[in-house]
Amino acid sequence: MTAKHVIYIMVVLLLWTSCLRPELYENIPVIKEASEAVEGNSVTLNSSVIGQTGGIVECGFMYGQSEVDMRNVKTYMIGRNFSTNIYDLDWDKEYVYYAYISNGRNVVKSSVHRFRTPGSPKADRMS
């Protein structure tokens with residue numbers, strides 16, 4: 001085998017492996033709609049993935065009192081599910097949030113959802 005053959009084989013292998021990688025990055029599963037469970041001034045956000053989870057490198061939730069001021073809460077996936085607990089939210093406020101998953105290149109988001117924390121228990125006692 002000459003040097004030309006070795007170089008040719010290396011170039012073919014390099015092109016072949018580079019063609020496979022975009023498929024992995026494009027293959028991202030579908031995110032199931034998120035849900036919430038509010039308890040006092042805390043919330044548990046839940047979501048799950050429909051399909052394979054092998055390519056997911058990050059998942060979590062974005063939340064805030066408006067879509068402009070959303071903060072990121074990264075989570076870990078257990079099986080196909082991921083969730084987070086957020087504590088010490090403001091009383092009697094509406095929040096928006098969405099779940100997301102990422103394969104390092106593309107991000108898939110759920111639709112934006114809303115929840116409201118109840119009025120402060122201290123305010124109820126003063127009435």
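**Notebook: charged and aromatic pairs**

I began with Asp92, which is partly exposed, with a relative accessible area of 42%. The model I am reading is predicted.

I looked up the partner of Asp92 and found a salt bridge with Arg116, 3.4 Å from N to O. Asp92 sits in the loop between β6 and β7 and Arg116 in strand β9, so the pair ties together parts 24 residues apart in sequence. Arg116 is partly exposed too, at 48% relative accessible area.

Next I checked Glu94. Its side chain meets that of Arg114 in a salt bridge, also listed at 3.4 Å, N to O. Glu94 belongs to strand β7 and Arg114 to strand β9, so this bridge ties together parts 20 residues apart. I noted Glu94 as partly exposed, at 38% relative accessibility.

I counted three salt bridges. One of them joins Glu58 and Lys74, with the closest N and O atoms 4.0 Å apart. Glu58 is in strand β4 and Lys74 in strand β5 (residues 71-75), so the pair ties together parts 16 residues apart. Lys74 counts as exposed at 57% relative accessibility, whereas Glu58 is partly exposed at 28%.

Then I turned to the rings and found four aromatic pairs. Phe61 and Phe82 have ring centres 5.4 Å apart and planes at 45°, so I logged the pair as tilted. Phe61 is in strand β4 and Phe82 in strand β6, 21 residues apart. Both are buried.

Tyr97 and Phe115 form a tilted pair, 5.9 Å centre to centre with 55° between the planes. Tyr97 lies in strand β7 and Phe115 in strand β9. Tyr97 is buried at 0% relative accessibility, and Phe115 is buried at 5%.

Conventions. Residues numbered from 1 in each chain as written. Predicted model: local features only at pLDDT ≥ 70, side-chain atom pairs only at ≥ 80, totals over all residues. Heavy atoms only, no water. Phe/Tyr/Trp six-rings, centres within 6.5 Å; stacked < 30°, edge-to-face > 60°. Helix = DSSP H or I, 4+ residues; strand = E, 2+ residues; numbered from the N terminus. Buried < 20%, exposed > 50% of the residue type's maximum accessible area, 1.4 Å probe, protein only.
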